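Subject: A structure for you to look at

Hi there,

I am handing a structure over to you with this email. Please open it and keep it beside you while you read.

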Amino acid sequence: MLFLSGLLIHIFTGIAYLTGARNKEYEQALQKKINIKKESSTYLNLLERYKQQYKNKQQFFHRPVNEKEMNDEAANLANERIQEMAEKELATENLTRENYATFFGKCLEKPLFVIVTFIPGILMYLLLLVYPRPMIRYIAERLVQTLFVIISVIIFVFTILHFSPTDTAANILGEAATMEQREAFNQQYGLEQPYIVQLWDAIKGILTFDLGSSYTGNENVIKTISDRFPITLTIATWSLLMSVIIALPFGIISAAKRNSFWDYSFMFIALIGLSIPNFWQGLIFILTFAIKWNILPATYYPGDMASIIMPVIVLGTGLTASVARMTRSSILEVISEDYIVTAKSKGLLPRSIFMNHALRNAMIPIITIIGLQFGGMLGGAAVTEKVFNISGLGSYIVDKQFIPDIPSVLGGVVYIAIVISIVNLVVDILYAFLDPRIRSEMKKT
């Protein structure tokens, strides 16, 4: 990868290496040492020893001695030995044969070389920057995996929409549309193209942020998504913060006071939160807080922060309950481990053991469930958005999928997948910070 990413640079540095004077100087010094040693008694002694070795071998196998073969073999072995001795002597004089890797490393130490070769070697320099650093390499690998995940999502979603039994032209133009009108519609949006061509256009459109116009309304897909996605992301983010702020203390208290009144109360509330459907909870909130008590708006108004309070609570209820239960079970599992027993035997304070040892190691499954549930909130926000009349991305995808409006649905699903992939990347990085075993494994690889 290093060679291919800097191929243009390696062509010129390779020529410079082959024509360099450094190795010529070494070869001349080596040859001089070899010639001196060949004129010494050491070379003659080596020849005699290898000749005798040849004779002993032939005698052992009951073979006749061939003078020419004996002399050639003895000379080859003696020359190899003399060259080894000469190379060792030159090494003691700090004179060694420079290989290409050493030569290229010295080139990289020169700022002028880096400046001149920066543009043609940008990929090579990025690789040199990333690979030796475990954490940066870890993040880069996850980013590459994320790219493959996104492409896989594009292929999967597009394939399902493409081979769906519904007729897009008939759904939009109506059943009364003539065959000529349907063919004109398909030709306008490229629906008459082969599957591979349409798939390639979809992948290219996602990567270049240009999905064209939707089938209904002739609206720009990317602009529509960029207008609708912020509110969905805002509600999901506030719901996540709410769940973390409420669920972590509840779970910690339940684990610390196991089988107590607080434990039973908090877990009972969490069970109720898991059991309540979003749409039913939203309707109850509207009837209670908006219609009966008139303290909160029944629907969402852009710019009115009070109007997102109920959607945030409704969307975050399930996540809060899940995180609270996971926090409790994870801490209870950790405090029975051997290292907790060892910490107790050392006389550490219970609070110190709980906060510094148990809670930190219990955070890994908690972070996992938070990351997974956050992705679920982004994808499942459509119900909450419908209840509170929010023009978000979730409701947009639901409205478009029954046509099916392929560019709109594809863009919405893929950009949600991108956000989920980024969240998973953050979760993986948090794993590395919390678990020293992961950092150790990163350094080994």
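Below is what was found in it, from the whole chain down to single residues.

First, some ground rules. This is a predicted model, in which local features need pLDDT of at least 70 and side-chain atom pairs count only at pLDDT 80 or more, while totals for chains, interfaces and linings use all residues. Residues are numbered from 1 along each chain as its sequence is written, and side-chain values use heavy atoms, with hydrogens and water left out.

**The whole chain**

The chain has 22 helices and zero strands. Both kinds of element are DSSP runs, numbered from the N terminus: helices are H or I with at least four residues, and strands are E with at least two.

How does the radius of gyration of the chain compare with that of a compact globule of 445 residues? The chain has 36 Å, whereas such a globule would be near 22 Å. (This radius is taken over C-alpha atoms, and the globule rule is 2.2 Å times the number of residues to the power 0.38.) Along the principal axes, the C-alpha atoms fill a box of roughly 115 × 80 × 55 Å.

Of the 445 residues, 38% are buried. Buried means under 20% relative accessible area, exposed means over 50%, and partly exposed is in between, with a 1.4 Å probe and protein chains only. The chain exposes about 26300 Å², and carbon and sulfur atoms supply 64% of that area. Accessible areas come from the Shrake-Rupley method with a 1.4 Å probe, and for residues only the protein chains shown count as cover.

Contact means heavy atoms within 4.5 Å. Among contacts in the chain with a separation of 6 or more, 73% are between residues 24 or more positions apart.

**The largest pocket**

Rolling a probe the size of a water molecule over the atoms shows where empty space is left. Here, the largest pocket holds about 330 Å³ of space. Its lining has 17 residues, and the closest to the centre are Tyr-189, Gln-198, Asp-201, Tyr-215 and Pro-407. Helix H12 (195-207) and helix H21 (406-434) are the elements that give two or more residues to this lining, and H12 gives the most, with four residues.

A pocket is found on a 1 Å grid over the protein atoms alone: it is an open set of points where a 1.4 Å probe fits, with protein on both sides within 12 Å along at least five of seven lines, and lining residues have an atom within 4 Å of a point. Grid points are joined across faces, edges and corners, and the volume is the space filled by probe spheres set on the points.

By type, the lining divides into nine nonpolar, six polar and two charged residues. Ala, Val, Leu, Ile, Met, Phe, Trp, Tyr, Cys and Pro count as nonpolar, Asp, Glu, Lys and Arg as charged, and the others, Gly among them, as polar.

Tyr-189 sits in the loop between helix H11 (179-188) and H12. This tyrosine is partly exposed, because its relative accessible area is 22%. Beyond residues up to four places away in sequence, Tyr-189 touches Ser-213, Ser-214, Tyr-215 and Asn-218. Its C-alpha atom is separated by 9.1 Å from that of Gly-212, 23 residues apart along the chain.

**Residues inside helices**

Leaving aside neighbours within four places in sequence, Lys-37 is in contact with Tyr-43, Ile-82, Met-85, Ala-86 and Glu-89.

Thr-224 belongs to helix H13 (residues 221-256) and is buried as well, at 11%. With the neighbours within four places set aside, its contacts are Glu-219 and Tyr-396.

Ser-421 lies in helix H21 and counts as buried because its relative accessibility is 8%. Not counting residues up to four places away, Ser-421 touches Thr-146, Val-149 and Ile-150.

**Two asparagines in loops**

Asn-259 is in the loop between H13 and helix H14 (261-275), and its phi is near 60 degrees, a positive value in a residue other than glycine. Asn-389, in the loop between helix H19 (381-387) and helix H20 (393-401), has a positive phi near 55 degrees. At 53% relative accessibility, Asn-389 counts as exposed.

Enjoy exploring!
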